[in-house]
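This report concerns a single protein chain.

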Amino acid sequence: MKKLLYITVNSKPEEMSSCKTVGRAVVNRFLSIYPDFTLEELDLYKCHIPRLEYQYFEGRNALIKEEAFKDLPPHQQEEIHKIVKLTDQFKEADMYVIAAPMWSLSFPSPLKEYLDCVIMNGKTISITDDKVKGLLDDKPRGMIYVQSSGGKIPWMLRPVLNRGLNYVEDLVKMMGIKRFQELLVDGTGNSEEERRKAIEKAVEKIDNVIGEVWRE
């Protein structure tokens, strides 16, 4: 069966988080349209993401070989096992939904730490002397990035202000995931009424976004 990997990066409970509320609606709608998918969820505020220490790598984002691995203390071996597990989980998915708020023109730091983990030479990318090639173009894959923000961002300023979204899109396309769609939950404001309206407006776009990012 195909896999949908749902990644959240917000410490708030789902009912308090605009991006996670819309992200759940995306996931539920996608699974209702494509029931042949299984769902895996990853909460980056609850999941341990290893720091990428130099001793874990032989160079150029490639993990150390078995003999060097055996020389590491047990807790560092466990960290490498976790890196491999996160990377394999990401590589095995067919469809991705990320739900994140806009923070300081970007996103919360656990998402950057996670992406650094899964960009792995020999697994999701191939690094040679003259180029970096994505390896995730071996089958159809798609991603929907759900981003919430308190203000309403004018379309002409989105290339400047949506730096986190643009970064994620560039990164996943570098890995070979060509189908990428954003779903913005703009203008959540300072009141529950503003937040509700922003969520409703985003939910209305879900079918169109899914249709653009996944076609069998």
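## Overall architecture

The model is predicted. The secondary structure of the protein chain consists of eight helices and nine strands. Its radius of gyration is 18 Å, close to the 17 Å that the globule rule gives for 216 residues, so the chain is as compact as a globular protein of that length. Along the principal axes, the C-alpha trace spans about 60 × 35 × 35 Å.

Of the 216 residues, 47% count as buried. Among the contacts with a separation of 6 or more, 76% are accounted for by residues 24 or more positions apart. The accessible surface of the protein chain comes to about 11300 Å², and 51% of this surface belongs to carbon and sulfur atoms.

## Helix α6

Helix α6 comprises the 12 residues 163-174. The buried residues of α6 include G164, L165, V168, E169, L171 and V172. They cover an arc of only 170 degrees around the axis, which puts them on the same side of α6. An α-helix has 3.6 residues a turn, so residues three or four places apart point the same way.

The cover over the buried residues of α6 includes strands β5 (95-101), β8 (142-148) and β9 (179-185), together with helix α4 (109-118). After α6 comes G176, which has a positive phi, near 110 degrees.

## Helix α8

Which residues of helix α8 are buried? In this helix, formed by residues 206-213, they are I206, V209, I210 and V213. Viewed down the axis of α8, the buried residues fall within an arc of 100 degrees, so they line one face of the helix. Their cover includes helices α1 and α7 (192-203) as well as strands β5, β8 and β9.

## Residue T124

T124 is located in the loop between α4 and β6 (125-127). With a relative accessibility of 0%, T124 counts as buried, because the cut-off for that class is under 20%. Not counting residues up to four places away in sequence, T124 touches T87, V118, I119, G134, L135, L136 and M175.

The side chain of T124 makes polar contacts with the backbone. It reaches the backbone oxygen of V118 at 2.6 Å, and the side chain of T124 also reaches the backbone nitrogen of M120 at 2.9 Å. The C-alpha atoms of T124 and P50, which are 74 residues apart along the chain, are separated by 18 Å.

S17 occupies the loop between β1 (2-8) and α1 (18-33). Is S17 buried or exposed? Its relative accessible area is 1%, and S17 is therefore buried. A polar atom of the S17 side chain lies 3.1 Å from the backbone nitrogen of K20. Leaving out residues up to four places away in sequence, S17 touches N10, K12 and R195.

Q76 belongs to helix α3 (residues 74-92). Its relative accessibility is 12%, so Q76 counts as buried. Apart from neighbours within four places in sequence, Q76 is in contact with Q55 and Y56.

How values were computed: Residues are numbered from 1 along each chain as its sequence is written. This is a predicted model: local features need pLDDT of at least 70, side-chain atom pairs count only at pLDDT 80 or more; totals for chains, interfaces and linings use all residues. Side-chain values use heavy atoms; hydrogens and water are left out. Helices (H or I, at least four residues) and strands (E, at least two) are DSSP runs, numbered from the N terminus. The expected span of a helix is 1.5 Å times one less than its number of residues. Buried means under 20% relative accessible area, exposed over 50%, partly exposed in between (1.4 Å probe, protein chains only). The arc is that of the directions from the helix axis to the C-beta atoms. Contact means heavy atoms within 4.5 Å. The radius of gyration is taken over C-alpha atoms; the globule rule is 2.2 Å times the number of residues to the power 0.38. Accessible areas come from the Shrake-Rupley method with a 1.4 Å probe; for residues, only the protein chains shown count as cover. A polar contact is a pair of N or O atoms within 3.5 Å; within protein, one must be able to donate a hydrogen and the other to accept it, and residues adjacent in sequence count only if both atoms are side-chain atoms.
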